[in-house]
Amino acid sequence: MSRPGEGVEGSPDHPQPPRPGPIPAAETGCVGEVDLRARAYAAVADVVDPEIPVLTIADLGVLRDVAVEDGQVRVTITPTYSGCPAMNMIAVEIGLALDRAGIPDAAIRTVLHPAWTTEWMSEAGRAKLLAYGVAPPARGGGRRALFGEEVVACPQCGSADTERLAEFGSTSCKALWRCRACREPFDYFRCH
Ligand SMILES: [Zn+2]
């Protein structure tokens with residue numbers, strides 16, 4: 001359905017102009033860029049954080065962008081903090097997920113600026129963390145934490161009567177806390 005003079009790429013039999021809206025693949029057998037991006041995003045968004053398997057990289061806000069440029073899928077991610085060992089694994093998992101979706105040769109780009117912040121975590125992600133028994137990061141908590149006024153609710157009983165036992169918990173992304181009300185220790189996803 002290409003119009004003349006549009007600068008269409010590809011052969012006349014298989015035009016692939018970028019155009020808005022879903023493209024009925026059965027019509028031509030070709031996959032449009034919009035459809036390709038949607039398929040790539042769906043595959044990539046399901047990749048989970050290896051340290052917290054209930055959270056996807058979309059939940060975390062680590063997944064910044066999925067784009068199609070010149071027919072190539074380009075995925076942009078921002079690590080939760082530079083040097084996080086899970087990030088290499090996440091990049092590998094993204095490549096595998098795209099392979100499984102029939103999208104080889106994707107480019108995976110890591111962007112460090114602007115730096116990831118727990119503010120990017122979705123509400124769905126926070127709810128999943130809590131259900132997993134990990135206290136989600138408080139909104140705007142990074143700033144309050146600087147002054148030692150952080151209040152973290154116990155993910156087991158909801159009590160705010162909690163104390164921090166260790167700056168680093170089971171992984172460097174988490175701190176170990178304890179609830180004074182129910183006496184249970186718990187992980188807190190550290191704000192930064
Ligand atoms: Zn408790």
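These exercises walk through the predicted model shown above, each with a worked solution.

Residues are numbered from 1 along each chain as its sequence is written. In this predicted model, local features need pLDDT of at least 70, side-chain atom pairs count only at pLDDT 80 or more, and totals for chains, interfaces and linings use all residues.

**Exercise 1. List the elements of the chain in order.**

Solution. Start with the terms. Helices (H or I, at least four residues) and strands (E, at least two) are DSSP runs, numbered from the N terminus. The chain has 6 helices and 7 strands. From the N terminus on, they run α-α-α-β-β-α-β-α-β-α-β-β-β.

**Exercise 2. Work out the strand order of the open sheet of 4 strands, and find its edges.**

Solution. Two strands pair if DSSP finds at least two bridges between them.

- Step 1. Take strand S5 (residues 162-166) and strand S6 (residues 174-179). They pair in the antiparallel sense over 4 bridges.
- Step 2. Move on to S6 and strand S7 (residues 185-189). This pair is antiparallel too, over 5 bridges. Ala175 stands opposite Tyr188 in S7. Arg178 stands opposite Pro185 in S7.
- Step 3. Find the edges. S4 and S5 stand there, each with a single partner strand, so one side of each has no neighbour in the sheet.

Strands of a sheet pair through backbone hydrogen bonds, either parallel or antiparallel.

**Exercise 3. Find which residues of the largest nonpolar core touch the most other members, and which elements supply the core.**

Solution. First, burial. A residue is buried if 20 or more other C-beta atoms lie within 10 Å of its own, exposed if 12 or fewer, and partly exposed in between; C-beta atoms are placed from the backbone. Of the 192 residues of the chain, 30% count as buried.

Next, the core. A nonpolar core is a set of buried Ala, Val, Leu, Ile, Met, Phe, Trp, Tyr and Cys residues joined through C-beta atoms within 7 Å.

- Step 1. The largest core has 36 residues, and Ala40, Val44, Val73 and Leu98 touch the most other members.
- Step 2. Several elements each supply at least two residues, among them helix H2 (33-45), strand S1 (63-69), strand S2 (72-77) and helix H4 (86-100).
- Step 3. H4 gives the most, with 5 residues.
- Step 4. Check the domains, whose bounds come from an automatic or database domain assignment. The core draws at least three residues from each of domain 1 (25-119) and domain 2 (133-189).
- Step 5. Look at one member, Val44. Two residues are in contact if their C-beta atoms, placed from the backbone, lie within 7 Å. Leaving aside neighbours within four places in sequence, Val44 is in contact with Leu63, Val66, Val75, Ile94, Ala97 and Leu98.

**Exercise 4. Sort the faces of helix H5 (residues 123-131) into buried and exposed.**

Solution. 

- Step 1. The buried residues are Gly125, Arg126 and Leu129.
- Step 2. They cover an arc of only 100° around the axis, which puts them on the same side of H5. The arc is that of the directions from the helix axis to the C-beta atoms.
- Step 3. The face turned away carries the exposed residues Glu123, Ala124 and Ala131.
- Step 4. The cover over the buried residues includes H3, S4 and S7.

The general rule: an α-helix has 3.6 residues a turn, so residues three or four places apart point the same way.
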